[in-house]
Amino acid sequence: MLKTTDIIDEKEKILHQKCKEASFPLDKEDINLINNSIEYLRLSQDEDKAEELGLRAGMGLAFPQLGKLKRIFVISYKTEEGNFIEYTVINPKIISYSNELVYVEEGEGCLSVNREVEGIIPRHARITVGFYDTKGNYIEERVREEISVAFQHEIDHLDGILFTDRIDKKNPFKNMDKMRSI
Ligand code: CO
């Protein structure tokens with residue numbers, strides 16, 4: 001079981017470095033880390049469980065946040081109906097993206113950023129992304145809205161970029177009127 005203290009803070013250098021491609025087959029440690037990350041995210045989105053276990057709510061976790069510079073991340077997103085949309089994403093590449101930009105109205109959050117951050121981040125409303133699953137099968141998928149934002153946030157992690165790096169320092173709400181909020 002992953003603990004909140006296992007998640008590396010934004011101050012650490014490793015979160016600002018570029019990750020290397022993962023190779024197949026994945027080793028046992030990687031598989032464990034993937035499974036534990038999904039478990040953490042699922043539980044963290046259950047208010048009672050999160051409080052009981054001291055988890056911060058999150059829907060994405062990338063390997064560098066756990067101290068590994070490998071191009072792997074997981075997403076677990078709880079829908080309003082209470083179902084989970086989940087992805088394990090290895091060596092992703094954005095193939096195409098919509099010109100339409102969106103931003104998350106309440107601001108993006110990150111399990112590595114333990115503070116309030118003001119500002120918006122322009123993200124593509126839709127992206128087509130190619131990636132590998134844990135068995136090494138290639139998958140191509142068009143993702144939209146929250147999931148598209150989550151993919152872009154996590155892919156940034158693999159390149160050593162935090163969401164805070166994408167907020168305009170002088171004008172944190174720059175071009176807000178030109179984008180749709182989600
Ligand atoms: Co993050």
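The side chains of Glu21 and Lys93 meet in a salt bridge, with N and O 3.3 Å apart; the term denotes a side-chain nitrogen of Lys or Arg within 4 Å of a carboxyl oxygen of Asp or Glu. The structure is a predicted model, in which local features need pLDDT of at least 70 and side-chain atom pairs count only at pLDDT 80 or more, while totals for chains, interfaces and linings use all residues. Residues are numbered from 1 along each chain as its sequence is written, and side-chain values use heavy atoms, with hydrogens and water left out.

The bridge between Glu21 and Lys93 links distant parts of the chain, 72 residues apart: Glu21 belongs to the segment before helix H1 (28-44), and Lys93 to strand S3 (residues 84-97). Helices (H or I, at least four residues) and strands (E, at least two) are DSSP runs, numbered from the N terminus. Glu21 is partly exposed, at 47% relative accessible area; on this scale buried means under 20%, exposed over 50%, and partly exposed in between, using a 1.4 Å probe and protein chains only.

Across the whole structure, a search finds 18 salt bridges. Side chains of opposite charge can pair when their charged atoms come close. In the bridge of Arg71 with Asp159, the closest N and O atoms are 3.0 Å apart. Arg71 lies in the loop between strand S1 (60-62) and strand S2 (72-78), and Asp159 in the loop between H3 and S8, so the pair ties together parts that are 88 residues apart in sequence. Arg71 is buried, with a relative accessible area of 9%, whereas Asp159 is partly exposed at 26%. A network of salt bridges also links Asp27, Glu29, Asp30, Lys68 and Lys70.

Another bridge joins Glu100 and Arg180, whose closest N and O atoms are 2.8 Å apart. Glu100 is in the loop between S3 and S4 and Arg180 in strand S8, 80 residues apart. Both residues are partly exposed: Glu100 has a relative accessibility of 30%, and Arg180 has a relative accessible area of 31%.

Three strands form an open sheet of mixed pairing, in the order S5-S4-S8. Two strands are taken to pair if DSSP finds at least two bridges between them. Strand S5 (123-124) and strand S8 (180-181) are the edge strands, each pairing on one side only. Strand S4 (residues 101-103) pairs with S8 in the parallel sense over two bridges, and Tyr103 stands opposite Ser181 in S8.

The cobalt ion has as its protein donors Cys110 (SG), His153 (NE2) and His157 (NE2), lying 2.1 to 2.3 Å from it. Donors are N, O and S atoms within 2.8 Å of the metal (3.2 Å for Na, K and Ca); water is not among the atoms, so sites may look incomplete. The sequence spacing of the donor residues is C-x42-H-x3-H. Because Cys110 lies in the loop between S4 and S5 and His153 in helix H3 (residues 145-158), the pair ties together parts that are 43 residues apart in sequence. Cys110 is buried at 9% relative accessible area, and His153 is also buried, at 7% relative accessibility.

On the surface, Phe24, Ile95, Tyr132 and Tyr138 form a nonpolar patch with about 360 Å² of accessible area together. Patches are made of residues with over 30% relative accessible area and no salt bridge; like charges are joined within 9 Å, and nonpolar side chains (Val, Leu, Ile, Met, Phe, Trp, Tyr) within 5 Å. Accessible areas come from the Shrake-Rupley method with a 1.4 Å probe, and for residues only the protein chains shown count as cover. Ile95 is found in strand S3 and is partly exposed, with a relative accessible area of 43%.
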